Amino acid sequence: MTGPITTERHDDVLVIISNNPPVNALGAAVRQGLDAGIKEGLADDSIKAMVIRCDGRTFFAGADITEFGKAMQEPGLPTVVDLIEASDKPVIAAIHGTALGGGCEVTLGCHYRIAVPSAKIGTPEVKLGLLPGAGGTQRIPRIAGVPIALELTAKGDPISAKRALDAGLIDRIAGEDSLAADAIAFAREIAAARPLPRASEKVAKADPDAVAAFKKENAKRFRGFDAPAANIACVEKAADGSSFAEGIAFERQEFMKLMMGVQSAAQRHLFFAERQAAKIDGIAPDIALREIKRVGVIGAGTMGGGISMNFLSAGVPVTIVEMQQEALDRGTGVIRKNYEASAAKGRLKPEQVEQAMGALKPTLDFAELAECDLIIEAVYETMEVKKEIFTKLDAIAKPGAILASNTSYLNIDEIAAVTARPQDILGMHFFSPANVMKLLEVVRGAKTADDVLATVMALAKKIKKVAVVAGVCHGFIGNRMLMPRQVEANKLLMEGATPEQIDRVHVEFGMPMGPFQMSDLAGVDIGWHRDPTRIENIRDALAAEGRWGQKTGKGFYDYDEKRNPTPSPRVTEIIEEFRSKSNLQKREISDEEIIEKTLYTMVNEGALILEEKMAQRASDIDVVWIYGYGWPVYRGGPMFWADTEGLKKIVAGLEKHGFKVAELLRSKAESNGRFS
């Protein structure tokens, strides 16, 4: 055989081998090869058993996602899996790396499964808004029971070989370096065993209590998503006494509903958008990168400590600088506490905590930064302070060191201008908490060198961030789009909406919280001018009264000791006072108007960002809002959502309220175009 699938005879065992780098995706040629390989083994009387295994770093790690949305070439994966299971000769799956999605379903069609200890098995389709569509929802509960089937399909997280063995999803653990030989030996051992264990012939026991508990436990995680409910329904179908054929028919029906739906399209869009964001327009992918052996961080506060943890966790030594010993001790103490909390939850081993802390060099001596290859400033958000720091850095940083600011709004070019090396300077805007949030806005200055930008984008991947290139403008991509939302939300308060109505509309849309809940969480006093006698707006009035949000127990809401919010009569009074001073009449505000004024304006700002080339592509904007601000994944980001909402509808909504429509948005609407 030729192509990605080849076969090898080992006396009476036929080994069917896939070599389809990088992840042995189950594309058409692989499916055709598997089909031919099984048929070859069945046609040869001297073959007593077959083994399916993969070369390279992993077993089949899933479907070929590039085939989604295209006409399926035969045979489809369900046909191949059914063929494997129907074989009257034993078929063994030999698993290393990951057996995910369609790869997991191939193993379920096999009669036996053997895996190396480091292997993982799972069905992550739910993360693309789908379900395992080649019998996975029907075979897993029949082999391993309902609880583990729910976990694998509706949550989509893979499990270890040990857990899979305990659950019955694999039959044997192989030696880490002897899988091929162990699988052949296993095949010979069970060659004559009959009847062959076929998942489709097993019965799944109903467990309504387990299903109810699972739904309750994961209600927050699944809120708004269609795919988890469809996966759960399919698993329930497998255990309700239906025949396997009825279960498969139900699975196919649910799969097609999801596949044709907006949510899966949004989640697949994000899958590709995240990968696209790593590409830098106009820079060769093979550009030589600068070596980053040590990172310096200026500031040991919440942000500086979180930034440091990203590098320490990736094995990159960090020099962290503070002005006062007390602040330095507090900052390093928080870093250790965070690591120890992770260790207590079993996410890290105690020696990994010590390894990370051992790579941290805390100091009060600014000159220690001279040994660093990348220095990130994470101090107070004022231009004067930033310029002072970069002037000092310019004098002590070694030639070729990359100098970055963690500013969330300020002009990187203005900061770079105080140095003699603007080509080495860019923005690295981490999101808080920096050791948790996945997004990193990498801000390209007018003079930032190509290799500097490429180095930082590559480094982002090493520290497990999703990085997006942004241009220099106030607020870059994310915060620039946040501004119209906040401005319009505050105007709506003055016109008659309440904080709780506006927040409810955003939460029902799928946001983790609304604008005023977010303000209370971040701190109403953030960016406040600190003069209690200067009260120019509602925020000033709240801040002047010490209503700084959750940290003071009162902000736009009142909070109890567990930080549960309730509407505040005092806030209602303050809003009414401002409304009266402004001679505004209170009126009924519809939920639709809130969406139009707070979310349509964001889309409009996104179109301006694209017009001005402050973002490389619309999908980058979607990535920023998904990973930095909690935009609902199943809506695919603001620009993708605008496409699904209809650009003509967005333009009409903006015009109805008197907003100036971005030219790019208008032209796309008029030409029936799309951002995505």
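In which sense, left-handed or right-handed, does α14 pass α15 in their crossing? I will come to that in a moment, after a word on where the values come from. What we have here is a predicted model, in which local features need pLDDT of at least 70 and side-chain atom pairs count only at pLDDT 80 or more, while totals for chains, interfaces and linings use all residues. Residues are numbered from 1 along each chain as its sequence is written, and side-chain values use heavy atoms, with hydrogens and water left out.

So, to the helix pair. α14 passes α15 in a right-handed crossing, where right-handed says that the near helix is turned clockwise from the far one by less than a right angle, and left-handed that it is turned anticlockwise. When I say helix, I mean a DSSP run of H or I of at least four residues, and a strand is a run of E of at least two, both numbered from the N terminus. Two packed helices are described by the angle between their axes and the distance between the axes. For helix α14, residues 325–344, and helix α15, residues 350–358, the angle is about 160° and the axes are 9 Å apart; the axes are lines fitted to C-alpha atoms, for helices over the stretch in contact, and angles run from 0 to 180 degrees between N-to-C directions. The two helices are therefore roughly antiparallel to each other, given that angles over 145 degrees count as roughly antiparallel, under 35 as roughly parallel, 65 to 115 as roughly perpendicular and the rest as oblique.

Which residues make this contact? On the α14 side they are Thr-332, Ile-335, Arg-336, Tyr-339, Glu-340 and Ala-343, and they meet Val-353, Glu-354, Ala-356 and Met-357 in α15, with contact meaning heavy atoms within 4.5 Å. By class, the contact has six nonpolar, one polar and three charged residues; here Ala, Val, Leu, Ile, Met, Phe, Trp, Tyr, Cys and Pro count as nonpolar, Asp, Glu, Lys and Arg as charged, and the others, Gly among them, as polar.

Strand β13 (residues 374–377) pairs with β14 (residues 402–405) in the parallel sense over four bridges, with Ile-376 opposite Ala-404 in β14. From there, three bridges join β14 to β15, which run parallel, and Ala-404 has Leu-426 in β15 as its bridge partner. β15 and β16, by contrast, pair in the antiparallel sense over four bridges, and the bridge partner of Met-428 in β16 is Val-442.

How many residues of β15 are buried? Six of its six are, where buried means under 20% relative accessible area, exposed means over 50% and partly exposed lies in between, using a 1.4 Å probe and protein chains only. Ile-425, Gly-427 and His-429 point one way from the strand, and Leu-426, Met-428 and Phe-430 point the other way.

Finally, some backbone details. The peptide bond from Glu-74 to Pro-75 is cis, with omega near -5°, and Pro-75 lies in the loop between β3 and α2 (77–86). A cis peptide bond also joins Ser-432 and Pro-433, with omega about -5°, and Pro-433 lies in the loop between β15 (425–430) and β16 (439–443).

Phe-476 is not a glycine, yet has a positive phi of about 55°; this residue sits in the loop between β17 and α19 (478–495), and is buried, with a relative accessible area of 0%. Asn-672, in the segment after α28 (663–670), has a phi near 55°, also positive in a residue other than glycine, but at 60% relative accessibility Asn-672 counts as exposed.

Notes
Two strands pair if DSSP finds at least two bridges between them.
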